[in-house]
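Trainee: Please walk me through this model, starting with the ligand site.

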Amino acid sequence: LSQPPAGVLGRRDFLRGVALTAVPLALGGLPAWARQGGPGAGQLIPRVQDPENLEGPFAALDTFITPNDRFYIRNHFAQPKLDVRTWRLRVEGQVEKPLELTYDDLQKMQHRTQVVTLECAGNARTFLTPKAKGVPWELGAVGTADWTGVPLAAVLERAGLRPAVEVLLVGADGGPLKDDPKPQGPVSFARSLPLGKATMPSTLLALRMNGADLAPAHGYPLRAIVPGWYGMASVKWLTRIVVLERSFRGYFQTIDYAYWAKQDGQAVLTPITELQVKAAIARPAPQETVAANTDYRVHGAAWAGESEVARVELSTDGGTTWAEAKLLDKAVPYAWRRWEYRWRTPAQPGAYTVRARATDLRGRVQAMERDPDRRNYLISHVLPIAVTVRPGG
Ligand SMILES: Nc1nc2c(c(=O)[nH]1)N[C@H]1C(S)=C(S)[C@@H](COP(=O)(O)O)O[C@H]1N2
Ligand SMILES: [Mo]
């Protein structure tokens, strides 16, 4: 696995990398923007500069584990500067014994490694019409890593739980908010978990990502990893854990990262939690040109949150007929499965679409249409990928 040296993810380094990258011949079919670095070249693609938000090169998907230097970065505020010597994790609220743990304390506890796919709840937002507010992600705000750390349950056990319903995770980052409605003054990035999810053995306080200490951009020295949930639950730069007797109603799970659920005939803003079932197409990339009358390998990945991908189907005729894709990776809980499909491209040049649709073991199937109650999040309906078939092949 390629590991970035500390600080390699800076925007200036990234831009320099693009300028010096030679164009590999194998990428002939990719659109021009992809050939000049970015997805085809396997580098992160900047989407917002301040704070830094970069997506992974999803079109370059070629491994089950996403290398750290291709893993998307989603920040709501400037990256906090933390010194591991003075950094502490405080555990408080409904506990018998409040704790203040050092980095060393956590290193000495028993560790567990867990493969988890993280997807940002706003991934694929640029495909929405009308245009939705938020970071303009294409397909690459998703990645799979193996995470090593201490189960959150072990830390809670050490503190001793008193009657509680939720566990609040607070990051060291924060600041004023830009979009209305917003409170006055600074807000910390914080999310809560129901006690049941917080105490599952797979819910981690992670110190390492793919075998390396967390990079600063991914939450060094400590982050939560909440398997099967959208990325916003996996709080980075953790400094405080508060055990709560009531459900938390903070900004990032009410105003933001919430959708309209219908309950008793009412629309209720509900925090976003579990991943929806979804298949995403890596190649062809959007707007890619492919040769007529040839065998083309359509491929991508599919995930299903706390369930498991049962099948992936492909349609190359506008959604009229569907054919089964082949699942490539073995089923790993909480991780994506890559898939592929041999497409005999049409003999007739022109504009075509490729669609992928996943079903999970619970029988959830991707919707064909967008549900506007999801606001600017949970983009898991079937996305038509537009391709141009050119003569010859
Ligand atoms: N403290 C903190 N944690 C955070 C965020 C943040 O801005 N601050 N962003 C969240 C969101 S929305 C996502 S999708 C994931 C992204 O994790 P990554 O940047 O390591 O890919 O981190 C989550 N944890
Ligand atoms: Mo996110």
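Ligand site, core and confidence

Mentor: Around ligand 1 there are 19 residues, with Y72, D173, H218, R223 and K236 the closest; a residue counts as near if one of its heavy atoms lies within 4 Å. This is a predicted model, in which local features need pLDDT of at least 70, side-chain atom pairs count only at pLDDT 80 or more, and totals for chains, interfaces and linings use all residues. Residues are numbered from 1 along each chain as its sequence is written, chains are lettered from A and ligands numbered from 1 in the order in which they are written, and side-chain values use heavy atoms, with hydrogens and water left out.

Trainee: Which residue has a side-chain N or O atom 2.7 Å from an oxygen atom of ligand 1?

Mentor: A polar contact with the ligand is a pair of N or O atoms within 3.5 Å. Y72 uses a polar backbone atom, 2.6 Å from a ligand 1 oxygen, and R74 a backbone N or O atom at 2.9 Å. The side chain that places an N or O atom 2.7 Å from an oxygen of ligand 1 belongs to H76.

Trainee: How much of the area that ligand 1 exposes when taken alone does the protein bury?

Mentor: Accessible areas come from the Shrake-Rupley method with a 1.4 Å probe. Taken alone, ligand 1 exposes 530 Å², and the share buried by the protein is 100%.

Trainee: Is T66 buried or exposed?

Mentor: T66 sits in the loop between strand 2 (53-55) and strand 3 (89-93), strands being DSSP runs of E, at least two residues long, numbered from the N terminus. Not counting residues up to four places away in sequence, T66 touches F71, G143, T144, N210 and W336, where contact means heavy atoms within 4.5 Å. Buried means under 20% relative accessible area, exposed over 50%, and partly exposed in between (1.4 Å probe, protein chains only). Its relative accessibility is 8%, so T66 counts as buried.

Trainee: Which residues touch the most other members of the largest nonpolar core?

Mentor: A nonpolar core is a set of buried Ala, Val, Leu, Ile, Met, Phe, Trp, Tyr and Cys residues joined through side-chain atoms within 4.5 Å. Of its 99 residues, those touching the most other members are L89, L106, W147 and W339.

Trainee: Where does pLDDT stay under 50?

Mentor: pLDDT is the predictor's confidence in each residue, from 0 to 100, and the protein mean is 91. Where pLDDT is low, the predicted coordinates should not be read in detail. The stretch that stays under 50 is residues 1-28.

Terms used: Helix = DSSP H or I, 4+ residues; strand = E, 2+ residues; numbered from the N terminus. Polar contact = N/O pair within 3.5 Å; in protein donor to acceptor, adjacent residues only side chain to side chain.
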